[in-house]
Amino acid sequence: MAEIEDDIGALDVGIVWVLEADPSGQAGTAQSCYDFVSASGASTGWCVGDAETVPDPGEWDDSPFSVGRGFDIVVPRETMRIEYTTNHGTPSGNDNPTAEELLAAIEGIVSGL
């Protein structure tokens with residue numbers, strides 16, 4: 001993701017990073033999210049720790065998008081509708097899109113607005 005963050009920003013699209021758990025398995029916080037994203041080479045976007053989700057911690061982890069793994073969703077401000085979802089991670093059955101495939105999906109959505 002870090003390699004395409006400038007391209008995403010050029011499309012006037014923001015990135016929200018949600019960290020469910022840090023590398024040691026502790027529930028994600030805004031600080032551990034920032035540390036993880038920075039270590040990954042990313043420098044833009046907002047960080048959210050799922051342990052600090054309001055009103056209930058774990059809402060992102062319990063969402064139908066997550067199912068125990070990472071996910072991407074695209075929600076244009078113009079429509080406020082989820083226009084794209086995908087999942088990634090180690091469990092089998094994940095989409096695991098490349099950064100370039102995610103960028104292409106975002107470009108398609110933006111061009112259709």
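Let's start with Val-48, which sits in strand E2, residues 46-49. Strands here are DSSP runs of E with at least two residues, helices are runs of H or I with at least four, and both are numbered from the N terminus. This is a predicted model, where local features need pLDDT of at least 70, side-chain atom pairs count only at pLDDT 80 or more, and totals for chains, interfaces and linings use all residues. Residues are numbered from 1 along each chain as its sequence is written, and side-chain values use heavy atoms, leaving out hydrogens and water.

Which residues does Val-48 contact, beyond neighbours within four places in sequence? They are Val-16, Trp-17, Val-18, Leu-19, Thr-29, Ala-30 and Cys-33, where contact means heavy atoms within 4.5 Å.

Now to the largest nonpolar core, which has 14 residues. Such a core is a set of buried Ala, Val, Leu, Ile, Met, Phe, Trp, Tyr and Cys residues joined through side-chain atoms within 4.5 Å. Ile-4, Ile-8, Trp-17, Cys-33, Val-37 and Ile-106 touch the most other members. Two or more residues each come from strand E1 (16-19), helix H2 (30-39) and helix H3 (99-111), with H3 giving the largest share, 5 residues. Setting aside residues up to four places away in sequence, Ile-4 touches Ala-99 and Leu-103.

Finally, confidence: pLDDT, the predictor's confidence in each residue from 0 to 100, averages 86 over the chain. Mean confidence is highest in H3, at 93, and lowest in strand E3 (residues 70-74), at 84.

How values were computed. Buried < 20%, exposed > 50% of the residue type's maximum accessible area, 1.4 Å probe, protein only.
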